[in-house]
Amino acid sequence: MWVIQTVVLFRSDREVTSTPYSVKSMGLGVLLSYLLVCYLFFYCKCMEGYKKLSKEEDLELEEQLKRLNKPTVKSITTKYGDIYDCVDFYKQPAFDHPLLKNHNFHPEMKPTSTPRRVSPKKKIRIPKLDYKPVRIGLEGGGCPLGTVPIRRTVKDEIITAKFHSEMHASKVNPLDVPGFPGVHYCLANSQAAIDYDGVGGTLSVWNLPAQAPQYTVGRIKLRNGDESMEVGWTVNPGLYGDTRTHLYIYTNANQSQCYNAQCGYVHLNPNVPVDSVIDPVSTYDGEIYSIDLSIYQDAATKDWFLKVFGINIGFWPHKIFTNLGNTATEAEWGGEVFSPPKIPSPPAGSGHVLIFKEEDTARDAISANSHIVVNNTIMDPPDGVLEIADDSNYRVFDKGDVGGDIHYLIFYGGPGGAT
């Protein structure tokens, strides 16, 4: 029954979505559809196997469900049908983390200092980005002060979230293929011999076609060894159960990996959930919408704060990390996609081919104001940024500091189709 429902969803989404990524050849389109439907069958079978739990595992799952769905002060149903429970700050899932049992955090937490920006290298004045900010946050004013919004979860969603978290960490593949099959990148990576105390950028936001278990993201990221944290926008039908664009965070800390607020990230803002739908989004040759994101380390506490449009909405306590408990050694800006092996990958960025020297901020996905934080100072990435695009279907161009309000500019994206 599940397979039939999934196939129907696939057909429906393709019929109602008008995008520039359509396959021009009808014969090839039929073949791609057939391949994806075939894979969906194996994906569902894999998920069915993933859901076959022992009695002990099922009891543990029930306990986890209780930990996630806390007593609520108020519930808010969004226009998309998601239910957010306003949970007392001290009862949010973060504090179930064994390393956060004896904490002194409170709802009014703020960093002890804020990074400052150095003067730009160039004084060239170019037009401002004609981008509009996206709308995020809950209707009706959000949750009461002293509470935080946590998306209500059912048992199947716990299993699905675990599956996708492990898959995103490249620790599990549905077809049990060794290595990192199906993951493709178009990103700029900085790994100079310095301590990275933060990363940030203004990302244009898009909605691209993807079918579970595919995903496509635009994000910023900090890394130290096997540990990382990232924030951005994503289309991930397997994780969210829809094809809308969502805000997301991902944490890979000390052998635990998770999306959003389930493994140590402490949320502060009562109005903006970390997994909320982003709306509206950019349209090719139309309105362009963006989101300003940054992660930076408090110089005194070593905790990592998350900013959205300059507002601190939460933080990662340094004690949940090992390597990142001190500093980061790499920073990244750009896109990542996943598709099962031999199934054409989804698009990235704006979903269009990037052409060198013909990049267009009105058509191509960007990270503007791309920066790092070193010694509490916001600055451009150092020389030697790597442009990583592992397949010809994706590209990334590091334009450097172009001056004006755009500062350091990175283009990324591609139409997909890698197998």
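This report walks through a predicted protein model, from its overall make-up to some individual residues.

## About the model

Because this is a predicted model, local features need pLDDT of at least 70 and side-chain atom pairs count only at pLDDT 80 or more, while totals for chains, interfaces and linings use all residues. Residues are numbered from 1 along each chain as its sequence is written, and side-chain values use heavy atoms, with hydrogens and water left out.

## The chain as a whole

The protein chain holds five helices and 21 strands; helices (H or I, at least four residues) and strands (E, at least two) are DSSP runs, numbered from the N terminus. Of its 419 residues, 54% are buried. Here buried means under 20% relative accessible area, exposed means over 50%, and partly exposed lies in between (1.4 Å probe, protein chains only).

The accessible surface of the chain is about 18500 Å², and carbon and sulfur atoms account for 53% of it. These areas come from the Shrake-Rupley method with a 1.4 Å probe, and for residues only the protein chains shown count as cover. Contacts (heavy atoms within 4.5 Å) tell another part of the story: among those between residues at least 6 apart in sequence, 74% join residues at least 24 apart.

Seven strands make up an open sheet, with antiparallel pairing and the order 11-10-9-8-16-6-19. Two strands pair if DSSP finds at least two bridges between them. At the edges are strand 11 (256–259) and strand 19 (386–389), each of which pairs on one side only. From one strand to the next, the twist averages 15 degrees; axes are lines fitted to C-alpha atoms, for helices over the stretch in contact, and angles run from 0 to 180 degrees between N-to-C directions.

Strand 6 (residues 183–190) runs antiparallel to strand 19, and four bridges join the two. Within this pairing, leucine 187 stands opposite isoleucine 388 of strand 19.

## Two nonpolar cores

A nonpolar core is a set of buried Ala, Val, Leu, Ile, Met, Phe, Trp, Tyr and Cys residues joined through side-chain atoms within 4.5 Å. The largest one has 74 residues, and the members that touch the most others are Leu222, Ile291, Ile295, Trp304, Leu306 and Trp316. Strand 17 (residues 365–374) gives the most to this core, with six residues. A second, separate core has nine residues, including Tyr215, Leu239, Tyr240 and Phe338.

## Buried polar residues

Glutamate 330 is part of strand 16 (residues 330–338), and it counts as buried because its relative accessibility is 17%. Its side chain makes a polar contact with the side chain of asparagine 189 at 2.9 Å. A polar contact is a pair of N or O atoms within 3.5 Å; within protein, one must be able to donate a hydrogen and the other to accept it, and residues adjacent in sequence count only if both atoms are side-chain atoms.

Serine 350 sits in the loop between strand 16 and strand 17 and is buried, at 1% relative accessibility. A polar atom of its side chain lies 2.9 Å from the backbone oxygen of arginine 363. Serine 350 and proline 415 are 65 residues apart along the chain, yet their C-alpha atoms are separated by 8.1 Å. Histidine 371, in strand 17, is buried with a relative accessible area of 10%, and a polar atom of its side chain lies 2.8 Å from the backbone oxygen of asparagine 369.

## Backbone details in the loops

Two cis peptide bonds can be found in loops. One joins alanine 212 and proline 213, with omega about 10 degrees; proline 213 belongs to the loop between strand 7 (198–204) and strand 8 (215–224). Another joins aspartate 279 and proline 280, with omega about -5 degrees, and proline 280 lies in the loop between strand 12 (266–267) and strand 13 (289–297).

Phenylalanine 309 has a positive phi, near 50 degrees, in a residue other than glycine. Phenylalanine 309 is partly exposed, at 33% relative accessible area. Asparagine 376 also has a positive phi, near 65 degrees, and is buried, at 16% relative accessibility.
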